[in-house]
Amino acid sequence: MGIQGMELCAMAVVVLLFIAVLKQFGILEPISMEDSSDSELELSTVRHQPEGLDQLQAQTKFTKKELQSLYRGFKNECPTGLVDEDTFKLIYSQFFPQGDATTYAHFLFNAFDADGNGAIHFEDFVVGLSILLRGTVHEKLKWAFNLYDINKDGYITKEEMLAIMKSIYDMMGRHTYPILQEDAPAEHVERFFQKMDRNKDGVVTIEEFLETCQKDENIMSSMQLFENVI
């Protein structure tokens with residue numbers, strides 16, 4: 001992977017890896033057309049009980065049958081109804097044995113752990129997945145901004161962006177082509193801020209992020225790549 005267009009890197013990696021994880025879990029199984037009305041998410045079978053099917057359907061862009069199928073896959077792999085951070089890190093380390101995915105998995109876990117309680121519930125899972133796969137461009141960009149904004153203060157700093165980029169390079173390891181230089185993450189951060197930090201105050205706001213991304217044709221087209229995964 002080269003340096004060009006790295007504004008898209010974190011978002012693309014998020015979607016591609018998350019989809020790979022879901023397929024490994026068997027969560028993105030073909031949607032069954034059988035009538036499953038007798039198992040309204042089978043709430044009594046797990047220790048953590050998700051919200052009702054109708055409420056989740058209202059919060060996401062999935063149909064009832066899709067939610068039921070996603071829930072079956074989630075429950076099979078996560079019988080307690082929860083995924084903790086250590087499990088999340090273990091999953092990503094299996095996909096990138098040549099690198100260190102620990103830090104990136106930590107950042108991604110926090111982006112999905114909407115309430116910050118240290119566990120990804122089924123609700124967190126389907127809401128995030130709905131945004132990544134079927135959300136509007138605006139929703140996807142806001143999700144990406146939240147990933148970059150590590151301390152959730154409403155701003156992306158150079159330190160935060162550098163931490164994200166270093167974690168991606170660490171995860172990818174040294175098996176990239178062309179080979180990335182040690183200073184590549186810092187160079188990317190500088191280019192990112194030159195482009196995004198419109199008022200040159202040293203931080204990127206959500207408004208600056210959205211405005212810049214929405215004017216970039218490559219970013220706009222990339223947001224549509226994964227809409228029909230399930």
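Q: What should the 15 residues of helix H8 span at 1.5 Å a residue, and how far apart are its end C-alpha atoms?
A: This is a predicted model. Helix H8 covers residues 158-172. The expected span comes from 1.5 Å times one less than the number of residues, so the 15 residues should span 21 Å. The end C-alpha atoms agree with that, at 21 Å.

Q: Which residues of H8 are buried?
A: Buried means under 20% relative accessible area. The residues of H8 that count as buried are Glu160, Met161, Ile164, Met165, Ser167, Ile168, Tyr169, Met171 and Met172.

Q: Which residue follows H8, and what is its phi?
A: H8 gives way to glycine 173. The phi of glycine 173 is positive, near 70°.

Q: Which residues have the most contacts inside the largest nonpolar core?
A: The largest nonpolar core has 54 residues. At least three of its residues come from each of domain 1 (63-134) and domain 2 (138-229). Those with the most contacts inside the core are Phe88, Phe122, Phe125, Val126, Met161 and Phe209.

Q: How many salt bridges does the structure hold?
A: A salt bridge needs a side-chain nitrogen of Lys or Arg within 4 Å of a carboxyl oxygen of Asp or Glu. The number of salt bridges in the structure is seven.

Q: How many residues apart in sequence are the parts that glutamate 139 and lysine 61 tie together?
A: Glutamate 139 and lysine 61 form a salt bridge, with the closest N and O atoms 3.5 Å apart. Glutamate 139 lies in helix H7 (residues 137-148), and lysine 61 in the loop between helix H2 (53-59) and helix H3 (64-77). The pair therefore ties together parts whose separation in sequence is 78 residues.

Q: Is glutamate 85 buried or exposed?
A: Glutamate 85 meets lysine 89 in a salt bridge, 3.2 Å from N to O. The two are four residues apart in helix H4 (residues 85-95), so about one helical turn separates them. Lysine 89 is partly exposed, at 24% relative accessible area. Glutamate 85 has 19% relative accessibility, so it counts as buried.

Q: Which helices hold lysine 158 and glutamate 190?
A: The side chains of lysine 158 and glutamate 190 meet in a salt bridge of 3.4 Å, N to O. This pair ties together parts that are 32 residues apart in sequence, because lysine 158 lies in helix H8 and glutamate 190 in helix H9.

Q: What is the relative accessibility of glutamate 190?
A: Its partner lysine 158 is partly exposed, with a relative accessible area of 32%. Glutamate 190 also counts as partly exposed, at 36%.

Key. Residues are numbered from 1 along each chain as its sequence is written. This is a predicted model: local features need pLDDT of at least 70, side-chain atom pairs count only at pLDDT 80 or more; totals for chains, interfaces and linings use all residues. Side-chain values use heavy atoms; hydrogens and water are left out. A nonpolar core is a set of buried Ala, Val, Leu, Ile, Met, Phe, Trp, Tyr and Cys residues joined through side-chain atoms within 4.5 Å. Buried means under 20% relative accessible area, exposed over 50%, partly exposed in between (1.4 Å probe, protein chains only). Domain bounds come from an automatic or database domain assignment.
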